[in-house]
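Have a look at the structure first, then read on.

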Amino acid sequence: MPRSNRPRGKRPDDDDEVDLSRVLMGRRRTEAKRDGLWNVQPLAAASATKYYTCPACGLEISPGTAHTVAWRADGLMGEADDLSARRHWHLHCWKIKQ
């Protein structure tokens, strides 16, 4: 009877469980805009639970609306200050930001 060469049991990759919050919220990345570097993190509709005002258009972002959270990556006052100044943007408004 032929033997299987495949290892039985869990693969080493299976130890890393899928982080549901990371899947829902998306991955943070850095983007260069005309005014400097920005940390950008997409927020899925399922994770959006509050009302926000988009700084570009001034319109409301309703709960349940997918949008983008952005904050400076190159601020002079430090990372904590930059993070506290983060803003929620409509997807389109962030895309067209210079």
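Lysine 97 is buried, with a relative accessible area of 19%, where buried means under 20%, exposed over 50% and partly exposed in between, using a 1.4 Å probe and protein chains only. This is a predicted model, so local features need a pLDDT of at least 70 and side-chain atom pairs count only at pLDDT 80 or more, while totals for chains, interfaces and linings use all residues. Residues are numbered from 1 along each chain as its sequence is written, and side-chain values use heavy atoms, leaving out hydrogens and water.

**Salt bridges**

- The count comes to three salt bridges, each defined as a side-chain nitrogen of Lys or Arg within 4 Å of a carboxyl oxygen of Asp or Glu.
- Lysine 97 pairs with aspartate 35, and their closest N and O atoms are 2.9 Å apart.
- This pair links distant parts of the chain, 62 residues apart: lysine 97 lies in the segment after helix H3 (91–96), and aspartate 35 in the loop between E1 and strand E2 (36–43).
- Aspartate 35 counts as partly exposed, at 37% relative accessibility.
- Glutamate 31 and arginine 29 form a salt bridge of 2.9 Å, N to O; glutamate 31 is buried at 18%, whereas arginine 29 is partly exposed at 38%.
- Arginine 72 and aspartate 74 meet at 2.8 Å, N to O; arginine 72 is partly exposed at 27%, and aspartate 74 is partly exposed at 34%.

**Helices, strands and the sheet**

- The protein chain has three helices and six strands, which are DSSP runs numbered from the N terminus (helices are H or I with at least four residues, strands are E with at least two).
- Along the sequence, the pattern reads α-β-β-β-β-β-α-β-α.
- Four strands form an open sheet in the order E1-E2-E5-E6, with antiparallel pairing; two strands pair if DSSP finds at least two bridges between them.
- Which strands stand at the edges? They are E1 (29–33) and E6 (87–89), and each has a single partner strand, so one side of each is left without a neighbour in the sheet.
- Strand E5 (residues 67–72) pairs with E6 over three bridges, in the antiparallel sense.
- Valine 69 has histidine 88 in E6 as its bridge partner.

**The whole chain**

- Of the 98 residues in the protein chain, 23% are buried.
- Among contacts (heavy atoms within 4.5 Å) with a separation of 6 or more, 48% join residues 24 or more positions apart.
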